[in-house]
Amino acid sequence: MSTPPLVLDIDGTLTRPDGWGIDSRVFDPLREWDAPVVLATGKAFPYPIALCHFIGVPELVVAENGGIVYTGDAVHVTADADAARTVVAEYRAAGYDLGWGDDDTVNRWRETEVAVSRDQPVELLRELATAAGLEVIDTGYAYHVKDADQNKGDGVRTIADHVGFDLADCVAIGDSINDVSTFEVVGRSFAVANADDAARVAADEVLAEAHADGTLTVLDRVR
Ligand SMILES: O=C(O)COP(=O)(O)O
Ligand SMILES: [Mg+2]
C-alpha cells in the first residue's frame, strides 16, 4: 500500500503533552512523508503557512476553519468576516473584550472570522452570533465566531481536487469539533485521546495516545 496523504489539525494534534507548542518530534516524519501533507487549522492563514515552511513541506493549507484555502498555487477565500466583526463589536460595546490584549496577533491577519479567548464569557457572544446567523465554535483553544458554512472539510476537498489526490486515500487526525467536517470527507480519521466529544464521535478511531503522541502513533501505523 502506498503512503497516504495526511490531513493534520494543529492545536491539540501536533502539540506537546501539555497542549501548547508544536512537539518537535513531528518535524522529521512530516518532512520525509512520501505523500501530500495538508495542515487544516482554525488558526489565521500565516500560522499554518509558516509551519509548512519551517517543517519543509509544500504549503497546502486550510486556515480559519475553511475560510482560507491554499492549494499551493492559489488562495481561495470562502467566507468574509464582516458579520463576525459586527458581532464582536457588539460584544465589545456590551463591555466585553476579545481577551488577546491590544496587539491581538490572533486576529491581526484573520480574514474570514474572529477568534475570542476562552477566558472570556461566551453566553452573550453566542446570543449575538445566533442573532446574526453565525455560529460560535469552541475548539478548546479559542471561540471562533464564523459563518456556519465555512468548514475545514470543504477546504480539504478543494486541495485534493487541485493537487490531484483521492480523498478516500487520505488519513486525517484531529482533536475537536472543527475537525468533524475533515473526518467526514477523508477515508480514515483518528481522534487523539485529548479530543472533544464531537471529534471522538466523528472519528473512525479514538487513539489511546494524546496530542503528538497520538499523531506519531498513526504515522507509524499508516506509513
Ligand atoms: O485555532 C484554534 O482554535 C484551533 O486550531 P486548530 O484547528 O489547529 O486546532
Ligand atoms: Mg485542534
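Aspartate 9 sits in the loop between β1 (6-8) and α1 (27-31). Helices (H or I, at least four residues) and strands (E, at least two) are DSSP runs, numbered from the N terminus. The model is predicted: local features need pLDDT of at least 70, side-chain atom pairs count only at pLDDT 80 or more, and totals for chains, interfaces and linings use all residues. Residues are numbered from 1 along each chain as its sequence is written, while chains are lettered from A and ligands numbered from 1 in the order in which they are written.

**The annotated residues**

UniProt, in an unreviewed entry, puts the feature "active site" at Asp9. The unreviewed entry also gives a "binding site" annotation covering Asp9, Asp11, Asp175 and Asp179. These residues span 171 residues in sequence, yet no two of their C-alpha atoms are more than 10.9 Å apart, so they gather at one spot. Lys152 carries a "binding site" feature from UniProt (unreviewed entry) as well. UniProt positions follow the numbering used here, feature names are shortened, and annotations may be inferred rather than shown by experiment.

Aspartate 179 lies in the loop between β9 (171-174) and α6 (180-185). Lysine 152 belongs to helix α5 (residues 152-163).

Are these residues buried or exposed? The table gives the counts. A residue is buried if 20 or more other C-beta atoms lie within 10 Å of its own, exposed if 12 or fewer, and partly exposed in between; C-beta atoms are placed from the backbone.

| Residue | C-beta neighbours within 10 Å | State |
|---|---|---|
| Aspartate 9 | 29 | buried |
| Aspartate 179 | 35 | buried |

Two residues are in contact if their C-beta atoms, placed from the backbone, lie within 7 Å. Leaving aside neighbours within four places in sequence, aspartate 9 contacts Ala40, Thr41, Ile173, Gly174, Asp175 and Asp179. On the same terms, aspartate 179 touches Asp9, Lys152, Gly174 and Ala199. Lysine 152 has contacts that include Ala40, Asn178 and Asp179.

Ala, Val, Leu, Ile, Met, Phe, Trp, Tyr, Cys and Pro count as nonpolar, Asp, Glu, Lys and Arg as charged, and the others, Gly among them, as polar.

The protein chain is assigned domain 1 (6-78 + 150-222) and domain 2 (82-146). Such bounds come from an automatic or database domain assignment. The domain centres, taken over C-alpha atoms, are 24 Å apart. Between them, 17 residues of domain 1 contact 13 residues of domain 2. The domain 1 side of that contact has six nonpolar, seven polar and four charged residues.

**The nonpolar core**

In soluble globular proteins, nonpolar side chains tend to be buried together. A nonpolar core is a set of buried Ala, Val, Leu, Ile, Met, Phe, Trp, Tyr and Cys residues joined through C-beta atoms within 7 Å. The largest one here has 62 residues, of which Val7, Val38 and Val145 touch the most other members. Helix α3 (residues 82-93) supplies the largest share, four residues. Both domain 1 and domain 2 contribute at least three residues each.
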